[in-house]
Each structure stands twice: as C-alpha cells, then as structure tokens.
Amino acid sequence: MRALLAASCAALAVGALAVAPNAFAADAITAQYRTSASGATADQVEPWLKLVNSGTTSVPLSDIKVRYYFRSETPDVGYRFACSWAVRGCGNVTGQFGTLTGGPADRYLEVGFTSGAGTLAPGQDSGDLQLRFYRTNWGPITQTDDYSFRADSSYTAWNRVTVHRGGTLLWGTAPGGTPPTTTTTSSTPPNPNGPRMFDDFAYNNSSDSRISQRGWTVRSGAGGPGVPGAEWDASRVTFPTVDGQKVLRLDSWNNGSAAKQTELFHQRKFFEGTYAARVRFSDAPVFGPDGDHVVQTFFTITPLDAPMAPNYGEIDFEYLPNGGWGEQGNIMYETTWETYQNEPWVADNIHNSQRQSYNGWHDLVFQVSNGRVKYYIDGTLVADHGDKYYPETPMSINFNLWFISGGLQGSSAERAYQQDVDYVYFAKDQVLSPAQVRTAVQDYRNSGVTHVDNV
C-alpha cells in the first residue's frame, strides 16, 4: 500500500510545476538537488542543494527556509542534522526537523540560514550545500519511500524540495496532508555521562581472546599501505609493561627489501566526540641502521567504497621521524580527508604539520564536533579543519607502524622501529579538553578500570 501511495504521489508531482503566487513573482528561488548517497537504503541521507535566484530582487538567505520531506523509519529514534560543506559556510547553515500527518511524508528537514550567509542576488546561486542527516542510533534508512528523494548525482531543479520565504511558498510542491505541526531541534544536549570507550591495553599477547571480544583486530596478511609485498605480522604486536603500566607496542621490521609491519584497529562505530591516546614515538630504530621513511600513527578511517567516494573519511596523526613524501626530516602531520583515488593518485585533503622531533611520549587529542576537527598535541591546538573535510560516517580507530614504498634506505641489515600506546579513549558526542581527558583516564586508573566500552 505504501509503495502504491508513493507511486501515485510521484505521478501527480511530476505533472505539477512549482509556481510562486503572482504577488511574489519577483521573489523566485529555485531549488536544485542532487545526492551523494543514491542507494535504496543508506546509513544517512545526503540531500545536496543549490538555491538559484531567477527573480528580479535580492533576497537575504536568512529569510529563506528549504524543506526536504521523508518518511520516518520504525522505530522512530530521532534524527540528527549535519552540514558537511557549504560555499556560504556551514556555520551559517541551520537544520531542524518537523512533523507532518496524513500524507506520503511524516517528517521534513528544514534548512535555514543565519545572516552570515549573505544575500542571493538576481541570477546568483547559493553554491553547494552539502547536507546530511542520520538516525540517532545510526540505523539504516530506506530512501525509496521518501517523498523528496531522487537518485540523481547531478544538480537539476527538483520540485519535491520546497522553498519558503516567511509564510509564502516560493518553489516546490509539498507532499500534502496536514500542515506542519511541530518543529524539533536537530540535536540534543550533550550527556556528560554519555557513552565512552577506554582501553588500557592490559592484554597478555596478540592472541588474547579479549582483544577480539572487545572489538579490536590485530591485522595480519598482506595489503597496503607500505612496502610492496610487506606482511602485517600479528606476532609483532605485543603488550609489555613500561614504567609499571601495560602498553600496546607496535614493532615493525625490515631488511632493506622485505618488511613486517604492524597494526591494531577497532571496529567501525566512532563518529562525533573526543578521541585521545598517549603515544610514544621514536626517532631511531631499536636496532640496526637508521634512515628508513617510517610512519607512526593514530587515526580514524571509513573504508573507501569507490575512487573519490564522498562518504570516505579519515582523521590522521602521522609522525615521520626520518621524513618522506618529499620531506627530509622530522615532521608530524594532522590530515583530514574528504576522499581520494589510488590510480592515478588524487588526494582531496587538508593538513597542518610541525617540522620538529616528537621523540618520546605525547598526549594526542582530536575533537570532532559542529563541523570542525580540532587536533591537540600535549594540550596545544595544532590544527583546525572543517567544511567539506568534516567526516560524514562512522569510523574505526587505528594504530599502525609502516614503511613508505620506496623509502627504505639501502642497507640489507635488519632493523626495527617501535611505537608504544599507553591508552586510547573516546567520549561520544562530547567535546572534552585535553585536561578533561587526562582527568577521565586517571579516574579510570584510580578505580582499577582497564576497559570500558558502551559506545
């Protein structure tokens, strides 16, 4: 019955042109639409919009509301809005949800603007509004029964998205039913006692059954990144005691040609909030000749579904003690990714860097919230990224130690580099300062807690 109703409404809407009342003919704002999530189901809806002024008067965007209509999932757990990137700035874009009854849609996303978004002059467009929304439990969303959904990857005018100025409809055909009854904000206040993940790495060895039970994977086998033919060696991931505290140790080896690299990663379920780890970087190998281009990391990542896929995400701390990628000496990178393709190589990211040694222990924190990714080293803000580079999907937490392809120095003598991790911590939907992270970790340790995960 739902499919029949949706099909009937589709036929009516296709035949209807959106025309503003004559009294407002000078205010003519057309909504163009495309989506970067075109599947029948998705973990988030991605309505990308562009507003075009085809009238004769300039219109302040702060006067404009745009509505995207959809049908809620069962059970209805609520939705959250986010702006991934906007030409006018995500800080000038707002999103909230409203309800409808009696028609083919029972929800809508209402997009608005602050005064900072400026004015839309005749003949001008707003530029990209790369928007998204998702269920608060990250459950699947069926898009094929959503009134405003269309699986189109190119911008064209779409009359199932409506544009309003004040109480006047300027563009589009609403789905019918009763008028909007309520409007609810897109997010809820942070819960100071919300979900957390903390791991003190109190494991016996890489075969400890608790590792996989708690969502971790010790990587093995082949695959990138790194030296071609390198092996990811699980046996070289260990958990020694250092200064009275158990740590995760990554120990990566090479002999100038063959290499054994190391990685530990958690399941993909982390998104907005605060991430932290205390990491010991090393400038020199524990034995053997120095000089290899080695990468020591703490990062999050969403798998790349296809070249230049827009839902890819990656947030990196990467330390190169011997340089690499065109650098000659110590360098720390903070990199936030929009997407990439491997062949030919195209990278769409933004980064900051510090050209200095980070040998020894360091507190690393990054906050993912309100369209910004902020990186801290030892309590100091070192990078602030956002706009289109802000992640769109849940990510996994990763630590790895690997050698850059073509970056091994010529000696055939064996050598190994090590990276230690004291703990890892994540607070869901919370923006915590580095000092607050240290307090939270110390509270766990004072209480004898070595692991918690209710994310």
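Reader: Which residues are linked in a network of salt bridges?

Author: Side chains of opposite charge can pair when their charged atoms come close. A salt bridge is taken here as a side-chain nitrogen of Lys or Arg within 4 Å of a carboxyl oxygen of Asp or Glu. In this structure Arg80, Glu272, Lys428 and Asp429 are linked in such a network. Two of its pairings can be described by their N and O atoms: Asp429 with Arg80, where the closest ones are 3.2 Å apart, and Lys428 with Asp429, where the distance is 4.0 Å.

Reader: What kind of model is this, and how are its residues numbered?

Author: This is a predicted model, in which local features need pLDDT of at least 70 and side-chain atom pairs count only at pLDDT 80 or more, while totals for chains, interfaces and linings use all residues. Residues are numbered from 1 along each chain as its sequence is written, and side-chain values use heavy atoms, with hydrogens and water left out.

Reader: How exposed are Lys428 and Asp429?

Author: The scale is relative accessible area, computed with a 1.4 Å probe on protein chains only, where buried means under 20%, exposed means over 50%, and partly exposed lies in between. On that scale Lys428 counts as partly exposed at 23%, and Asp429 also counts as partly exposed, at 29%.

Reader: Into which domains is the protein chain divided?

Author: The bounds come from an automatic or database domain assignment, which gives domain 1 as residues 29-171 and domain 2 as residues 196-453. The C-alpha centres of domain 1 and domain 2 lie 36 Å apart.

Reader: How should I read the interface of domain 1 and domain 2, and what is the area buried there?

Author: The size of an interface is often given as the accessible area lost when the parts come together. Buried area is the accessible area, with a 1.4 Å probe, that two parts lose on being put together, summed over both. Between domain 1 and domain 2 this area is about 1100 Å², and carbon and sulfur atoms give 47% of it. If contact is taken as heavy atoms within 4.5 Å, twelve residues of domain 1 are in contact with 13 residues of domain 2.

Reader: How many salt bridges and polar contacts are found between domain 1 and domain 2?

Author: The rule finds two salt bridges across the interface. A polar contact is a pair of N or O atoms within 3.5 Å; within protein, one must be able to donate a hydrogen and the other to accept it, and residues adjacent in sequence count only if both atoms are side-chain atoms. Between domain 1 and domain 2 there are seven residue pairs in polar contact, with both residues at pLDDT 80 or more. On the side of domain 1 that touches domain 2, the elements that give two or more residues are β6 (79-86) and β10 (129-135); strands (E, at least two residues) and helices (H or I, at least four) are DSSP runs, numbered from the N terminus.

Reader: How should I read the backbone angles, and where is Pro75, whose peptide bond from Thr74 is cis?

Author: Most residues other than glycine have a negative phi, and most peptide bonds are trans. The peptide bond from Thr74 to Pro75 is cis, with omega near -5°, and Pro75 lies in the loop between β5 and β6. The bond from Glu343 to Pro344 is also cis, with omega near -15°, and Pro344 lies in the loop between β27 (331-341) and β28.

Reader: Is Asn370, with its positive phi, buried or exposed?

Author: Asn370 has a phi of about 50° although it is not a glycine, and this residue is exposed, with a relative accessible area of 73%. Asn370 is found in the loop between β29 (360-369) and β30 (372-377).
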